[in-house]
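I opened this model to look up a few of its features one by one. My notes follow in the order in which I made them.

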Amino acid sequence: MSEIRIGQGYDVHRLAEGRRLVLGGVTVPHTRGLLGHSDADALTHAVIDALLGAAGLGDIGGMFPDTEEQWRGADSLALLRTVCGRMPEYEIVNVDTTVVAQGPKLAPYREEMRRNLAGAMGVPPERVNVKFTTEEGLGFTGAAQGIAASAAALIRVKG
Ligand code: MG
């Protein structure tokens, strides 16, 4: 059996006025958006870190430093595509994710997020799962100060 590897990723961004809310490459209509150097797509960032973790390639901050002007406002799906291009020896078996947000309602955007993430990774949407939950009003997600996302990725050596 070819070698399989697992990775996990976690990311948080603060919600702020005057920003677009981008999750899984979908711009979700909302009064506030996630603050960050790139488009601050916490879901896609968690997926990137899960893949980098599985491949043993460090983390998103090491690959795309937020001190570098070239990543300002970056489309995180493009970063995900770049990451996949740097691990050509691996096939992505599946990626599972959870977004923790008190609001807005994200379920209507699930399939689009799934398709976007899968498209950037070059895999069928069936290999990607996107889940949503709240923390019941507790903590920073519950207070809608920010949104958190986590991801797990399983990859295997090709051939
Ligand atoms: Mg991030």
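**Notes on the loops, the metal and the helices**

I began with P104, which lies in the loop between β5 (90-100) and α4 (110-121). Helices (H or I, at least four residues) and strands (E, at least two) are DSSP runs, numbered from the N terminus. I noted that the model is predicted, that local features need pLDDT of at least 70 and side-chain atom pairs count only at pLDDT 80 or more, while totals for chains, interfaces and linings use all residues. Residues are numbered from 1 along each chain as its sequence is written, and side-chain values use heavy atoms, with hydrogens and water left out.

**Backbone**

I looked at the peptide bond between G103 and P104 and found it cis, with omega about -5°. Most peptide bonds are trans, and most residues other than glycine have a negative phi. I then listed A40, which is not a glycine but has a positive phi of about 65°. A40 sits in the loop between β4 and α1. Its relative accessibility is 0%, so I wrote it down as buried; buried means under 20% relative accessible area, exposed over 50%, and partly exposed in between (1.4 Å probe, protein chains only). A144 also has a positive phi, about 55°, and is not a glycine. I found A144 in the loop between α5 (139-142) and β7 (146-157), and its relative accessible area of 23% makes it partly exposed.

**Metal site**

Which residues coordinate the magnesium ion? I found D11 (OD), H13 (NE2) and H45 (ND1), at 2.1 to 2.2 Å. Donors are N, O and S atoms within 2.8 Å of the metal (3.2 Å for Na, K and Ca), and water is not among the atoms, so sites may look incomplete. Along the chain the donors follow the spacing D-x1-H-x31-H. D11 lies in strand β1 (residues 4-16) and H45 in helix α1 (residues 42-55), so this pair ties together parts that are 34 residues apart in sequence. Are D11 and H45 buried or exposed? I noted both as buried.

**Helices α1 and α3**

I next checked how α1 packs with helix α3 (residues 76-85): the angle is about 10° and the axes are 9 Å apart. Axes are lines fitted to C-alpha atoms, for helices over the stretch in contact, and angles run from 0 to 180 degrees between N-to-C directions. The two helices, α1 and α3, are therefore roughly parallel; that label is for angles under 35 degrees, with over 145 roughly antiparallel, 65 to 115 roughly perpendicular and the rest oblique. On the α1 side I listed T44, H45, V47, I48, L51 and L52, which meet S76, L77, L79, L80, V83 and C84 in α3. Contact means heavy atoms within 4.5 Å.

**Single residues**

H37 is in the loop between β4 (33-34) and α1. A polar atom of the H37 side chain lies 2.9 Å from the backbone oxygen of E68. Beyond its neighbours within four places in sequence, H37 is in contact with several residues, including D66, W71 and R72.

G53 lies in helix α1 and is partly exposed, with a relative accessible area of 34%. What separates the C-alpha atoms of G53 and G7, 46 residues apart along the chain? I noted 4.6 Å. Leaving aside neighbours within four places in sequence, G53 is in contact with I6, G7 and G58.

Methods: Polar contact = N/O pair within 3.5 Å; in protein donor to acceptor, adjacent residues only side chain to side chain.
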